[in-house]
Amino acid sequence: MRAWSGVAACDRLGPWLAPVAEPAAGDAAEFIARLRAGDRGAFEELVRAQRHRVYGLALRMLGNAAEAQDVAQEVFIRAHRGLAEFRGEARLSTWLYTIASRLCLNRLAGTERRLGHHGEETLGRLADVRPGPDETLERGELEEALHRAIAELPEERRVVVVLRDVEGLAYEEIADVLALPVGTVRSRLHRARLDLKEKLERFLP
């Protein structure tokens, strides 16, 4: 086996683990004030800006579209109930990730699952990159292997990989989301990347 680091191995996956772009809706004080005041339009704007990210996180964590939809809906229900207490100390997206991550981990802990098996569903696409005709087969094989490899990670490593390497959160943000020390986040991410490197070795040049 080649002696690459876990980070280097993940970097070689290119767009398949590229963080998605931050949505347009920001965390301006005025916008947060509108949310906390119960402004329905502001909340609808928040949902429009963040729903795909929240759903994507749930889908990658749970591997099932129906479950991910349920979790995403519950995230915004809980967010709506808790907006009056939101102080703006974290980004709105980070706050929503906190809710979503805990809901997903609770589901995973309370459900009997077979790793690597997802019924009729697979994990969502990690990037919207359209390959040329000659790349379709190779990309399909890599995506399937990557989906399976992420799904087979222990839950505590899976959520760190998704938050860092897919969603692009900083280590400190992930620590806040999961209520963990930053050192623990780094350690879990390192082990997760090594796991992915080993599982995806044949795809890496």
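# A walk around helix H9

Guide: Welcome! In this predicted model, helix H9 has 18 residues, which at 1.5 Å a residue should span 26 Å, and the end C-alpha atoms of H9 are 26 Å apart, so the two agree.

Visitor: What makes the buried residues of H9 line one face of the helix?

Guide: Those residues are Val-185, Leu-189, Ala-192, Arg-193, Leu-196 and Lys-197. Looking down the axis of H9, you would find them within an arc of 140 degrees, so they line one face.

Visitor: Which residues make the contact between H8 and H9?

Guide: From H8 come Tyr-171, Glu-172, Ile-174 and Ala-175, and from H9 come Val-182, Val-185, Arg-186, Leu-189 and Arg-193. By class, this contact has 6 nonpolar, no polar and 3 charged residues.

Visitor: What lies in the loop between H8 and H9?

Guide: Ala-179 is in that loop. The phi of Ala-179 is near 55 degrees, a positive value in a residue other than glycine. For background, most residues other than glycine have a negative phi.

Visitor: Why does Ala-179 count as exposed?

Guide: The relative accessibility of Ala-179 is 57%. Exposed means over 50%, so Ala-179 counts as exposed.

Visitor: How do you know whether Leu-103 is buried or exposed?

Guide: Buried means under 20% relative accessible area. Leu-103 has 11%, so Leu-103 is buried. You will find Leu-103 in helix H5 (residues 92-110).

Visitor: Which residues is Leu-103 in contact with, leaving aside neighbours within four places in sequence?

Guide: They are Val-71, Glu-74, Val-75 and Arg-78. Another residue to look for is Ala-58, 45 residues from Leu-103 in sequence and 8.7 Å away in space, C-alpha to C-alpha.

Visitor: How many helices and strands are there in the chain?

Guide: The chain has 9 helices and 0 strands. Of its 205 residues, 45% are buried. Among contacts with a separation of 6 or more, 72% come from residues 24 or more positions apart.

Technical notes: Residues are numbered from 1 along each chain as its sequence is written. This is a predicted model: local features need pLDDT of at least 70, side-chain atom pairs count only at pLDDT 80 or more; totals for chains, interfaces and linings use all residues. Side-chain values use heavy atoms; hydrogens and water are left out. Contact means heavy atoms within 4.5 Å. Helices (H or I, at least four residues) and strands (E, at least two) are DSSP runs, numbered from the N terminus. Ala, Val, Leu, Ile, Met, Phe, Trp, Tyr, Cys and Pro count as nonpolar, Asp, Glu, Lys and Arg as charged, and the others, Gly among them, as polar. The expected span of a helix is 1.5 Å times one less than its number of residues. Buried means under 20% relative accessible area, exposed over 50%, partly exposed in between (1.4 Å probe, protein chains only). The arc is that of the directions from the helix axis to the C-beta atoms.
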